[in-house]
Amino acid sequence: MPRSQLRRPDASLSLDHHLLDADSLPRSLSSQTLFGNDQPLELEIGSGKGLFIQTASGLRNEHNFVGIEIAKKYAAHAAAGLARLQRRNAIMIAGNAEPLLAGAIPPESLVAVHIYFPDPWWKKRHKKRRVVNETSLQHIHQALLPGGTFHFWTDVLEYFESSLEMIAIELPSFGPPIPEESEHAEHELDYKTHFERRSRQNQIPVYRVRFEKPNREDG
């Protein structure tokens, strides 16, 4: 199902604090360099319209949140939502997550990484473009603090199963996947993302899991 059309952000709304371009970032991405504090940092890859980062940054205002979205108009839309809500603990980055994971995010600096409903890239020759791949998983694991969590949701069973198999082979230290339950949704904003809302309202199964990076004493 294609993405719906977006409204243009209100021209009077400043996105200076909430929208950064990948080409103008500090060399190292951390709570200090992005927010000027030492609050725990969470990363969302593929923020789409921004429902998750807008909701989570309000529920956990003692954490900082960075969303990365490759489609600039969606990054701007998500950033506009953060600006309207005056969320000082959340920003959007317009750009590709892979080079940032590879070179800009320090090891053991994130308490959580979130990937929700990534593009499945249906054609076999395009599957190498999937955001959950061997390289990105290694970088995610490296970036997480001991005890940090990696959350992965999709409504594509093949993507879900192949990703779990990949993690079991490439990162056995992650341990077994932990099922995540979705909360009862009484309001439009009770869904984690807009894609979750679409899937559940159309009775499409959603597959939800998280992994926890072991603490050092756990091996």
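Reader: Is serine 30 buried or exposed?

Author: This is a predicted model, in which local features need pLDDT of at least 70 and side-chain atom pairs count only at pLDDT 80 or more, while totals for chains, interfaces and linings use all residues. Residues are numbered from 1 along each chain as its sequence is written, and side-chain values use heavy atoms, with hydrogens and water left out. Buried means under 20% relative accessible area, exposed over 50%, and partly exposed in between (1.4 Å probe, protein chains only). Serine 30 has 18% relative accessibility, so it counts as buried.

Reader: Where does serine 30 lie?

Author: Helices (H or I, at least four residues) and strands (E, at least two) are DSSP runs, numbered from the N terminus. Serine 30 lies in the loop between strand E1 (19-21) and helix H1 (31-35).

Reader: Which residues is serine 30 in contact with, leaving aside neighbours within four places in sequence?

Author: Contact means heavy atoms within 4.5 Å. With those neighbours set aside, the partners of serine 30 are Phe35 and Leu41.

Reader: How many aromatic pairs are there?

Author: Rings of Phe, Tyr and Trp (its six-membered ring) pair if their centres lie within 6.5 Å. Planes under 30 degrees apart count as stacked, over 60 as edge-to-face and the rest as tilted. By this rule the count is 9.

Reader: What kind of pair do tyrosine 116 and tryptophan 153 form?

Author: Their ring centres are 5.4 Å apart. The planes stand at 75 degrees, so the pair is edge-to-face.

Reader: How many residues apart in sequence are the parts that this pair ties together?

Author: Tyrosine 116 is in strand E5 (residues 110-116). Tryptophan 153 is in strand E6 (residues 144-154), so the parts tied together are 37 residues apart in sequence.

Reader: Is tryptophan 153 buried or exposed?

Author: Its relative accessibility is 3%. Tryptophan 153 therefore counts as buried.

Reader: Which residue lies over the face of tryptophan 153?

Author: A charge sits over a ring if NZ of Lys or CZ of Arg is within 6 Å of the ring centre and within 35 degrees of the ring normal. Here the distance from the ring centre is 5.1 Å, and the residue is arginine 208.

Reader: In what sense do E6 and strand E8 (residues 207-212) pair?

Author: Two strands pair if DSSP finds at least two bridges between them. E6 and E8 pair over 6 bridges, and the sense is antiparallel.

Reader: In E8, which residue is the bridge partner of threonine 149?

Author: Look along E8 for the partner. Threonine 149 is bridged there to glutamate 212.
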